[in-house]
Amino acid sequence: MKILQNNLKLQHDLFKEEYNNKAVEVLNSGWYILGNEVSEFEKEFALYTDSKYCVGVASGMDALTIAFRMVGIKENDEVIVCSNSYIACVMGVTLNNGTPILVEPDEYDNLDANKIEEKITDKTKAILAVHLYGQSCDMDKIMDLAKKYNLKVIEDCAQAHGTMWKNKKVGSIGDIGCWSFYPTKNLGGFGDGGAITTNNEDYYNEAKVIRNYGSKRIHYENDIIGMNSRLDELQAGLLRVKLKHLDELNEERNRIANRYLSGINNDLIKPLLTRPGSNNVYHQFVIHSEKRDELIEYLNSYEVGTIIHYPIPPHLQKAYAYLGYKEGDFPIAERYAKEVLSLPMYNGMSDEELDYVIDKLNKFEG
Ligand SMILES: *Cc1c(COP(=O)(O)O)cnc(C)c1O
């Protein structure tokens with residue numbers, strides 16, 4: 001049985017008619033940039049994330065870049081970032097000429113809030129809380145530190161559509177939430193897209209100006225140097241369709257995850273557990289294994305697809321050689337890069353497929 005790690009075709013097929021109708025509606029409307037679909041999506045997504053405001057942008061990367069710009073990150077400013085984050089998290093800081101200060105992850109594979117304080121200096125301006133794989137960082141500790149040292153908190157929610165910390169939706173807890181609607185995300189579109197959420201009216205207004213060439217109007221009056229980073233009408237329309245189904249889609253992911261959790265019984269494979277205080281929308285179902293590379297090959301031989309999120313931590317990427325890090329500087333992130341594996345996880349995955357993967361996992365001998 002051939003099983004993909006993710007199945008984007010199914011994502012479309014699940015609500016095919018609704019997507020097709022919306023796409024035709026938008027195409028026939030004659031309005032393709034910054035229209036009704038975008039403004040309605042922004043209202044609906046703000047509501048969904050318990051935020052006052054939402055601004056659609058072109059990608060998660062742009063959301064991060066704009067967020068760090070708005071909180072004033074510039075040369076010589078330091079931003080706390082988890083050492084096993086996705087590269088975009090670090091790029092959002094460095095595209096604003098800031099310096100990422102890497103902090104190791106904890107046993108839930110995201111920012112270890114107990115290791116932040118020792119890295120804070122008088123240059124520290126912000127903390128980036130990346131809610132990796134679908135669960136929340138410890139936002140209580142992060143917000144306490146931010147208050148104590150007067151730091152801004154940006155939440156990277158690209159893998160956490162619907163995730164809650166205690167009784168609050170992520171993306172509404174820090175100063176700014178950054179979202180991606182890349183097709184593989186829980187709220188994935190059919191192309192690139194992203195958004196910013198915030199409760200701060202000033203950030204809301206500024207983000208709308210930055211995304212549109214620094215202009216408050218649609219055309220040709222530019223107050224600041226901005227960028228072209230607009231969510232387009234077609235994506236916004238399609239995302240509105242999917243947003244209506246997001247909770248049921250996340251519930252299905254939980255059902256799949258729970259079947260993995262109760263079914264996997266092999267000392268060589270350790271599923272990542274969820275932090276107390278957080279729920280989990282299982283953007284990925286991640287396991288750790290000291291025999292990870294052998295496991296990939298073994299699963300491959302049964303046509304079971306897997307992906308590593310992520311094989312090279314940011315400090316060892318060529319792009320960041322100038323930061324001067326070397327192997328051994330962040331041993332936990334480096335170990336995780338060698339151990340983690342994302343198993344097949346997608347809406348529409350059948351019990352038969354799941355049980356096949358679980359059976360293969362349990363027969364793995366290293
Ligand atoms: C996907 C992702 C991004 C980047 O989003 P794009 O829309 O692909 O630019 C940023 N951070 C995290 C954690 C992500 O998973």
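**Close-up views of a two-domain model**

**View 1. The second largest cavity sits at the domain boundary.** Domain 1 (8-241) and domain 2 (246-362) both contribute residues to the lining of the second largest cavity, so this cavity lies between them. The model is a predicted one. The volume of the second largest cavity is about 80 Å³. A set of 13 residues lines the second largest cavity; N84, H309, Y310, A333 and A337 are the closest to its centre. Helix α10 (residues 331-339) gives the most to this lining, with 3 residues. By class, the lining of the second largest cavity splits into 9 nonpolar, 3 polar and 1 charged.

View 2. Domain 1 covers 8-241 and domain 2 covers 246-362. Taken over C-alpha atoms, the centres of domain 1 and domain 2 are 23 Å apart. Domain 1 puts 43 residues into the contact, and domain 2 puts in 40 residues.

View 3. The largest pocket holds about 470 Å³ of space. Its lining has 27 residues, and the closest to the centre are Y86, S180, Y182, K185 and Y310. Why does the largest pocket lie between domain 1 and domain 2? Both domain 1 (8-241) and domain 2 (246-362) give residues to its lining, so the pocket lies between them. At least two lining residues come from each of α4 (60-70), α5 (87-94) and β8 (176-180). The largest share, 3 residues, is that of α4.

**View 4. Helices α4 and α5 cross.** Two packed helices are described by the angle between their axes and the distance between the axes. The axes of α4 and α5 cross at roughly 35° and come within 8 Å. The crossing of α4 and α5 is right-handed. On the α4 side, M61, L64, T65 and F68 make the contact; on the α5 side, A88, C89, M91, G92 and V93 do. Which classes make up the contact of α4 with α5? The contact has 7 nonpolar and 2 polar residues, and no charged residues.

**View 5. The second largest pocket.** The second largest pocket has about 230 Å³ of space. Its lining counts 14 residues, of which L34, K208, R211, N212 and K216 are the closest to the centre. Helices α3 (36-48) and α7 (201-210) are the elements that give two or more residues to this lining. By class, the lining of the second largest pocket comprises 4 nonpolar, 5 polar and 5 charged residues.

**View 6. The largest cavity.** How many cavities of 30 Å³ or more does the structure hold? The structure holds 3 of them. The largest cavity has about 100 Å³ of space. Its lining counts 14 residues; N6, Q11, K242, R253 and N347 are the closest to its centre. The elements α1 (8-14) and α8 (233-263) give two or more residues to the lining of the largest cavity. Domain 1 (8-241) and domain 2 (246-362) each supply at least three residues of this lining. By class, the lining of the largest cavity has 6 nonpolar, 5 polar and 3 charged residues.

Technical notes: Residues are numbered from 1 along each chain as its sequence is written. This is a predicted model: local features need pLDDT of at least 70, side-chain atom pairs count only at pLDDT 80 or more; totals for chains, interfaces and linings use all residues. Side-chain values use heavy atoms; hydrogens and water are left out. On a 1 Å grid over the protein atoms alone, a cavity is a set of points where a 1.4 Å probe fits but cannot get out, and a pocket is an open set with protein on both sides within 12 Å along at least five of seven lines; lining residues have an atom within 4 Å of a point. Grid points are joined across faces, edges and corners, and a volume is the space filled by probe spheres set on the points. Helices (H or I, at least four residues) and strands (E, at least two) are DSSP runs, numbered from the N terminus. Domain bounds come from an automatic or database domain assignment. Ala, Val, Leu, Ile, Met, Phe, Trp, Tyr, Cys and Pro count as nonpolar, Asp, Glu, Lys and Arg as charged, and the others, Gly among them, as polar. Axes are lines fitted to C-alpha atoms, for helices over the stretch in contact, and angles run from 0 to 180 degrees between N-to-C directions. A crossing is left-handed if the near helix is turned anticlockwise from the far one by less than a right angle, and right-handed if clockwise. Contact means heavy atoms within 4.5 Å.
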